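Student: Hi! I've just opened this one and would like a friendly walk through it. Could you show me what we're looking at?
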Amino acid sequence: QVQLVESGGGLVQPGGSLRLSCAASGFTFSTYTMYWYRQAPGKERELVAYITTTGYINYKNSMKDRFAISRDNAKNMVYLQMNSLKPEDTAVYYCKAVGQGTYWGQGTQVTVSS
């Protein structure tokens, strides 16, 4: 059974940091490109960053200076380090795996507010 389980979300003050984690199981993790998306209330889901099987990384332009994606193939984990958080970063953050299949996690809420 394929599972992607996000964790690490929560309430943080502007300027703070969070590290999101996504635990993968049920598929060959190392052969999948891993993505982070987010969806703010009333907005479409948008790409945040992705990391390929070879470690190539790409970010949405507005996030590359504050966010960092990484993966640990030995642990079947993908991470998103988010720094200097802003209220506009408030959203549900989703993990996605793309390879032989396409899988989504259930999301984790990030709220940036004072």
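Student: What share of the 114 residues in the protein is buried?

Tutor: Buried residues make up 44% of the 114. Keep in mind as we go that this is a predicted model.

Student: Okay, and how many helices and strands are there?

Tutor: The protein has zero helices and 11 strands. Reading along the sequence, you get the pattern β-β-β-β-β-β-β-β-β-β-β. The radius of gyration is 13 Å, close to the 13 Å the globule rule gives for 114 residues, so the protein is as compact as a globular protein of that length.

Student: What box do the C-alpha atoms fill?

Tutor: Along the principal axes, the box is roughly 40 × 25 × 25 Å.

Student: And what part of the contacts comes from residues 24 or more positions apart?

Tutor: Such pairs account for 53% of the contacts, taken among those with a separation of 6 or more.

Student: New topic: which residues does the disulfide join?

Tutor: Cys 22 and Cys 95, with an S to S distance of 2.1 Å. The count for the protein is one disulfide.

Student: Where do those two cysteines sit?

Tutor: Cys 22 is in strand β3 (residues 18–25) and Cys 95 is in strand β9 (residues 91–98). They are 73 residues apart, so the pair links distant parts of the chain.

Student: Is that link left-handed or right-handed?

Tutor: Left-handed, with -80° about the S-S bond between Cys 22 and Cys 95.

Student: Why does Cys 22 count as buried?

Tutor: Because its relative accessibility is 0%, and buried means under 20%. Cys 95 also has 0% relative accessibility and counts as buried.

Student: What about Ser 21, where is its place?

Tutor: Ser 21 is in strand β3. At 13% relative accessibility, Ser 21 counts as buried.

Student: Which residues does Ser 21 touch?

Tutor: Not counting residues up to four places away in sequence, Ser 21 touches Val 5, Glu 6, Ser 7, Trp 36, Met 77, Val 78 and Tyr 79.

Student: Let me jump to strand β5. Is Ala 49 buried or exposed?

Tutor: Ala 49 lies in strand β5, residues 46–51, and counts as buried at 0% relative accessibility. Beyond its neighbours within four places in sequence, Ala 49 is in contact with Met 34, Tyr 35, Trp 36, Asn 58, Tyr 59 and Ile 69.

Student: How far apart are the C-alpha atoms of Ala 49 and Tyr 79?

Tutor: They are separated by 10 Å, and the two residues are 30 apart along the chain.

Student: Now the loops. Where is Leu 85?

Tutor: Leu 85 is in the loop between β8 (77–82) and β9. Leu 85 is buried, with a relative accessible area of 2%.

Student: What is Leu 85 in contact with?

Tutor: Leaving aside neighbours within four places in sequence, its contacts include Val 12, Pro 14, Leu 18, Phe 67 and Val 112. From Leu 85 to Val 12 is 73 residues in sequence and 8.0 Å in space, C-alpha to C-alpha.

Student: And Lys 86, buried or partly exposed?

Tutor: Lys 86 is partly exposed, with a relative accessible area of 36%. Lys 86 lies in the loop between β8 and β9 and touches Arg 66 and Val 112, not counting residues up to four places away in sequence.

Student: Last one: what is phi for Ser 84?

Tutor: Ser 84 has a positive phi of about 50° although it is not a glycine. Ser 84 is found in the loop between β8 and β9, and counts as partly exposed at 40% relative accessibility.

Student: And what about phi of Asn 76?

Tutor: Phi of Asn 76 is near 55°, a positive value in a residue other than glycine. Asn 76 lies in the loop between β7 (67–72) and β8, and counts as partly exposed at 24% relative accessibility.

Terms used: Residues numbered from 1 in each chain as written. Predicted model: local features only at pLDDT ≥ 70, side-chain atom pairs only at ≥ 80, totals over all residues. Heavy atoms only, no water. Helix = DSSP H or I, 4+ residues; strand = E, 2+ residues; numbered from the N terminus. Rg over C-alpha atoms; globule rule 2.2 N^0.38 Å. Buried < 20%, exposed > 50% of the residue type's maximum accessible area, 1.4 Å probe, protein only. Contact = heavy atoms within 4.5 Å. Disulfide = S-S within 2.5 Å.
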